[in-house]
Amino acid sequence: MQNLLDFDLPGLENFFAQLGEKPFRARQVIRWLHQYGADDFAQMTDLAKTLRSKLPEVAEIRPPQLLSEQVSDDGVRKWLLEVGPENRVETVFIPESDRGTLCVSTQVGCALECRFCSTGRQGFNRNLSVAEIIGQLWWANRALGRDPKGDRIISNVVLMGMGEPLLNFENVVTAVSLMLDDHAYGLSRRRVTVSTSGIVPAMDRLREVMPVALAVSLHAPNDALRDELVPINRKYPLKELMAACQRYVQDGPRDFITFEYVMLDGVNDRPEHAEQLLALTREVSCKFNLIPFNPFPDSGFRRSPSDAVRRFANHLMAAGVITTTRRTRGDDIDAACGQLAGQVQDKTRRVVRRMEATA
Ligand code: SAH
Ligand code: SF4
């Protein structure tokens with residue numbers, strides 16, 4: 001059975017061509033699936049009856065199973081989705097006055113082991129399918145509906161949930177194609193942000209095949225510290241990463257990169273770190289987004305005190321770099337950055353290895 005949520009529009013047109021159906025039928029079906037959240041072919045009343053009865057024999061509409069929804073005191077919502085036996089991922093909606101942002105997961109766990117990240121702690125199971133990635137937007141959209149003017153409540157999507165999006169490249173690109181398609185979610189390229197820990201070759205490919213807004217998780221101003229905090233830096237060190245950022249800005253839909261920087265008390269939050277950051281990023285058109293560290297059990301890190309965060313932000317801003325500090329939202333339901341845990345059947349034996357190392 002072919003799950004139709006695994007297709008973007010060109011993919012569905014192709015599938016329909018094999019069934020002897022015209023491309024406009026694919027556009028109709030994509031609209032039913034993603035604009036109206038249909039989960040049953042019987043709802044698709046403008047399809048020819050023959051097609052409506054043929055489709056269930058060859059295809060299905062199978063979103064990930066919704067297990068629970070939590071709502072935080074500050075309006076943040078989190079959905080837990082089942083993606084196969086004992087594997088669960090999370091999706092978070094963050095309402096703000098001028099936008100509504102959905103934070104989407106792309107993998108079950110993450111293979112990259114950044115030291116301060118709860119997802120990285122848990123190990124890695126597998127990539128999410130297209131249906132599982134777009135299924136998060138599909139569910140959230142159904143749950144949230146439209147505002148009184150008829151506009152969608154979700155105006156922005158950030159691929160900043162569990163996983164490294166650029167290590168699940170093909171599925172992420174297909175899901176993003178649905179996010180942008182006017183027949184599906186119709187979001188602007190500048191309102192869909194891929195966040196990466198810095199997979200340099202994949203940043204170049206993304207720029208070529210699906211240029212959307214890009215956030216790069218920097219977290220350290222020099223290779224020695226970044227090698228420790230974000231181990232993928234050993235493969236793609238800062239010099240290469242900065243060059244890739246410059247290439248991305250040249251052709252990307254926005255004229256800047258967002259650098260994310262988690263604020264870890266006494267580790268990367270001193271004035272000399274800000275100074276090094278300014279030197280490092282001098283050639284890159286960028287903005288900074290400081291994220292106060294969100295703790296989780298046994299992380300070994302503390303959040304920088306708020307005056308240290310303020311001083312750090314002022315330091316960058318005094319040099320003319322636009323800097324924002326992310327407000328912590330949804331932490332009463334463990335929905336803040338880096339707290340998404342879901343459930344991961346680790347295939348890397350990471351937890352076992354860690355226990356052996358500390359034994
Ligand atoms: N793998 C991608 C996207 C998911 S992580 C990436 O690393 O960019 C989304 C963001 O949350 C990243 O900037 C990540 O570094 C940050 N993050 C991870 N753990 C965190 C924590 N405990 N507190 C604050 N931010 C964290
Ligand atoms: Fe993976 Fe991003 Fe967490 Fe690093 S910060 S372990 S890349 S999810």
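Here we look at a ligand and its surroundings, then at a pair of helices.

First, some ground rules: this is a predicted model, where local features need pLDDT of at least 70, side-chain atom pairs count only at pLDDT 80 or more, and totals for chains, interfaces and linings use all residues. Residues are numbered from 1 along each chain as its sequence is written, chains are lettered from A and ligands numbered from 1 in the order in which they are written, and side-chain values use heavy atoms, leaving out hydrogens and water.

Let's start at ligand 1. It has 21 residues around it, and the closest are Phe116, Gly163, Ser195, Ser217 and His219 (a residue is near a molecule if one of its heavy atoms lies within 4 Å of it). Some of these make polar contacts, meaning pairs of N or O atoms within 3.5 Å. Phe116 uses a backbone N or O atom, 2.8 Å from a nitrogen atom of ligand 1. Ser195 and Ser217 use polar side-chain atoms instead: the one of Ser195 sits 2.7 Å from an oxygen atom of the ligand, and the one of Ser217 lies 2.6 Å from an oxygen atom of ligand 1.

Now for the helices, which are DSSP runs (H or I, at least four residues) numbered from the N terminus. The axes of helix 7 (residues 200–209) and helix 9 (residues 238–251) come within 10 Å and cross at roughly 5°; axes are lines fitted to C-alpha atoms over the stretch in contact, and angles run from 0 to 180 degrees between N-to-C directions. Angles under 35 degrees count as roughly parallel, so helix 7 is roughly parallel to helix 9.

Terms used
Helices (H or I, at least four residues) and strands (E, at least two) are DSSP runs, numbered from the N terminus. Angles under 35 degrees count as roughly parallel, over 145 as roughly antiparallel, 65 to 115 as roughly perpendicular and the rest as oblique. A polar contact is a pair of N or O atoms within 3.5 Å; within protein, one must be able to donate a hydrogen and the other to accept it, and residues adjacent in sequence count only if both atoms are side-chain atoms.
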